[in-house]
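Dear colleague,

Please find below the structure that I am handing over to you.

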Amino acid sequence: MNRTVTVPITGMHCANCARSIEARLNDTEGVLEATLNLSLNTATVTYDDERVSGAELAEVIRQQGYGVGKDQAVLAVEGMHCANCARSIEEGLAKLDGVGTATVNVSTGKAFVSYDPLVTSMDAIAATIEDLGYSVVTKRQSERAAEHAPFRNLFAFTLALSIPIILITHFFDVPSKALVLFLMTTPVQFISGSSFYRGAYYSLRNASANMDVLVIMGTSAAYLYSVGSTFFYDGPLFYETTAMIFTFVIFGKMMESIAKGKTSQALQKLVALQAKYAVVERDGTEVEMPVEFIREGDIVIVRPGEKVPVDGVVAEGYSTIDESMLTGEPIPQEKSEGSEVYGATINKNGFIRVRATKVGADALLSQIVAFVERAQASKPPIQRFADRVAAYFVPVVASIAVLSLALWYLAFDATFFFSLTTMIAVLVVACPCALGLATPTAITVGTGVGATNGILIKSGEALETVHAATTVVFDKTGTLTLGTPRVTSHSSDEALGTAASIERKASHPLADAIVAKADELGLDGREVTDFDTVPGKGVVATIDGAVHYLGNRRFLEEHDVSVTDEASSHEREGKSVIYLARGDAFLGWVVVADTVKPEARAVVDELKGMGITVIMLTGDNETTARSIAGSIGIGDVISNVLPEDKAHEIEALQKRGERVAMVGDGINDAPALIQADAGIAIGSGSDIAIESGDIVLVRNDLRDVVGAFSLSKRIYGKIRQNMFWALVYNVVMIPVAAGLFSSVGVTMRPEFAALAMSLSSVSVVTNSLLLRNVKIRGKDT
């Protein structure tokens, strides 16, 4: 059978690499066609899988010295109830050849799988999940609300039968009462309980007992004993117990499903922001088409009030764009020719033509969604504890239940009715679900809140490292500072205007800063002739027949100009002072510096208030570095550091026992971001820095650093609250259900045990949902 796959290839650098792999694959028996795409680093191979296997093709590629990358798949899975369900799927997929990693989030109902497309396929992965007893669906996440319907219908059916069962049991005497109760309870046991029987069967078949096993053990014991009492021997009836257990458990599942659906609402809203159609210029005419058909380079028309359909650059026009849905910035941003715009943002009041630069998966919104989904798929180290507990939970609870029956009936001479009741109550009250939901629900809600505020958290592990950080290291240029020189002061407008007239003929950052300031103040320019540059010192120019010197102090002194000390304080602060003279007459000075961001001081103070040590890391000299650091309240400075040595400085801090978070924005920061325990990348920086960051700040605002720390602490705190509640609930309720406190009159009927169990899971999810109300610190919103 012929099969076509597209495979990521690693290690290709040039066209010769691609031709080498392509030729070798085409020479392989069973390969019908192989083409390499160097720009995408992929190989598309059509082959007869009866003559050659995917694993053999992968080996052919590896023998050429290249690697076969992994594809990433996200599958929606139905039928999971607790952490053991997720663990069962993870373990099942791990046994499938070609699967690299598999993580399952029971909160979002999604499986995230990394696999080798030459060895296995999406169909094989889906088949494995279904063979484990779960369903793989292809519906969009936004359709998740429909998942509540089956629980709602089943709850209505179960309640409709349970109410008369209770009334007949306790209030009405009817002929053949036991038989009537049997006939009414049997549909509840096998129709309402069918999904639980199915789940228990697959769970036991996969050697991973879950909550379904406990529910079925408890209800089956009550039902079968009642059947025996009805037809074979004289004994108490537990029909209403069975009916009420299923009623409360299904009610709890319905409420849990509704609550779990709300945990991912933030991400669903982001997905829904994407425009569906756009007006594109094609061959001189305007054509409306789905956004999926837009190509890079297309010109897109965006009218006032419309969504920007794709990422791009304004080719013509002026407007303000509301970017709050992506960055959390409430103030619309001005956009003119050359400005970048992003898909899903809203054009407020102007007509603009946009040249598409990033479409599909490369667009910012798509990257944000993928980033958040990766985070929701990850498991922080604290989750490993829950997984270990879940692995032993059901067998231990089942053992306690059987032991309570035996001890009460055989050792303590209790009635069989009481003994059986305690066993059923223990089986039903135990709740592994709450423990399994504690972490994923908090991460799902928290990362969604972060995404809507422009704070992207890459993984659950990043949450733990950020919240535990003891030291924050800031890169200076472009992170603490604006990253571009600006005029901070000048001796007079005349001196600034003359300097700008000269610098208009130059092309370097200091010149651009002087010209920009003069233009901002509306200063008139003067005609300049005989412009000559003296490298490393300054320029000589003629204005109105007079020679002018513009440059550093030494340059003017070499031309016998007496320079005043009026600006010397700026030099001591490490700022660039440009002096101006006409002949030997000193005219004035202009100070240019890379200014600190206005919010920097407040951010540093707030981090210190959290008990975090703040350090500035820079390649600047000691004087400049100390001056800037002192102005924003940073006392610890590491200066004169080459880009390649920044990671070593981070490592040195770690060896001293510090948990380091690094904040940076550029390519030179990437190694340090990776070395740090947690890398925080400013989103307006380079793509490589963004990929290196454990947390990405979409907008270039230092207040989001505080927001990231605050959010990570809130999420991690919520995880610990959930864990504590789940553990305390089971530690307290299981002994109560086992009758340990019956001597003081405290017992628990099985139906109320079922209600408590259901509410336990709902309470954990509801507690996680409180994160939606978190006000992220460091924001003026």
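**Helix H16 against helix H27**

In this predicted model, Leu463, Glu464, Val466 and His467 of H16 meet Ala708, Phe709, Ser712, Lys713, Ile715, Tyr716 and Arg720 of H27. Sorted by class, the residues of this contact between H16 and H27 are six nonpolar, two polar and three charged. H16 covers residues 460–467 and H27 covers residues 703–737; the two pack at an angle of about 110 degrees, and their axes are 9 Å apart. Since angles of 65 to 115 degrees count as roughly perpendicular, H16 and H27 are therefore described as roughly perpendicular to each other.

**The protein as a whole**

The protein has 28 helices and 30 strands. Its C-alpha trace spans about 125 × 70 × 50 Å along the principal axes. Of the 781 residues in the protein, 55% are buried. Among contacts with a separation of 6 or more, 67% are between residues 24 or more positions apart.

**Two further helix pairs**

Two packed helices are described by the angle between their axes and the distance between the axes. For helix H15 (residues 432–452) and helix H28 (residues 750–769), the angle is about 15 degrees and the axes are 9 Å apart. Because angles under 35 degrees count as roughly parallel, H15 and H28 are roughly parallel to each other. The crossing in which H15 passes H28 is right-handed. On the H15 side, the contact is made by Cys433, Ala434, Leu437, Ala438, Thr441, Ala442 and Val445. H28 contributes Ser760, Ser761, Val764, Val765, Ser768 and Leu769. This contact of H15 with H28 comprises nine nonpolar and four polar residues, with no charged ones.

The other pair is helix H7 (residues 194–205) with helix H8 (residues 211–231), whose axes come within 8 Å and cross at roughly 120 degrees. That angle makes H7 oblique to H8. The crossing of H7 and H8 is left-handed. In H7, the residues that take part are Ser195, Phe196, Tyr197, Gly199, Ala200, Ser203 and Leu204; in H8, they meet Met211, Asp212, Val213, Val215, Ile216 and Ser220. By class, the contact of H7 with H8 has eight nonpolar residues, four polar residues and one charged residue.

The buried residues of H18 are Ala495, Leu496, Gly497, Thr498, Ala499, Ala500, Ser501, Ile502 and Glu503.

In helix H23 (residues 622–631), the buried residues are Thr624, Ala625, Ile628 and Ala629. Viewed down the axis of H23, these buried residues fall within an arc of 120 degrees, so they line one face of the helix. Gly633, which follows H23, has a positive phi, near 85 degrees.

**Two individual residues**

Which residues does Ile89 contact, leaving aside its neighbours within four places in sequence? They are Val77, Met80, Val104, Ile129, Leu132 and Tyr134. Ile89 is placed in helix H3 (residues 83–94). With a relative accessibility of 0%, Ile89 counts as buried, because buried means under 20%. Between the C-alpha atoms of Ile89 and Arg282 there is a separation of 48 Å, the two residues being 193 apart along the chain.

Thr241 belongs to helix H9 (residues 239–263). At 1% relative accessibility, Thr241 also counts as buried. If residues up to four places away in sequence are not counted, Thr241 touches Arg749, Pro750 and Glu751. Thr241 and Asn640 are 399 residues apart in sequence, and their C-alpha atoms are 75 Å apart in space.

With kind regards

Definitions and conventions:
Residues numbered from 1 in each chain as written. Predicted model: local features only at pLDDT ≥ 70, side-chain atom pairs only at ≥ 80, totals over all residues. Heavy atoms only, no water. Axes fitted to C-alpha atoms, helices over the stretch in contact; angles between N-to-C directions. Helix = DSSP H or I, 4+ residues; strand = E, 2+ residues; numbered from the N terminus. Parallel < 35°, antiparallel > 145°, perpendicular 65-115°, else oblique. Left-handed = near helix turned anticlockwise from the far one by under 90°. Contact = heavy atoms within 4.5 Å. Nonpolar A, V, L, I, M, F, W, Y, C, P; charged D, E, K, R; others polar. Buried < 20%, exposed > 50% of the residue type's maximum accessible area, 1.4 Å probe, protein only. Arc of directions from axis to C-beta.
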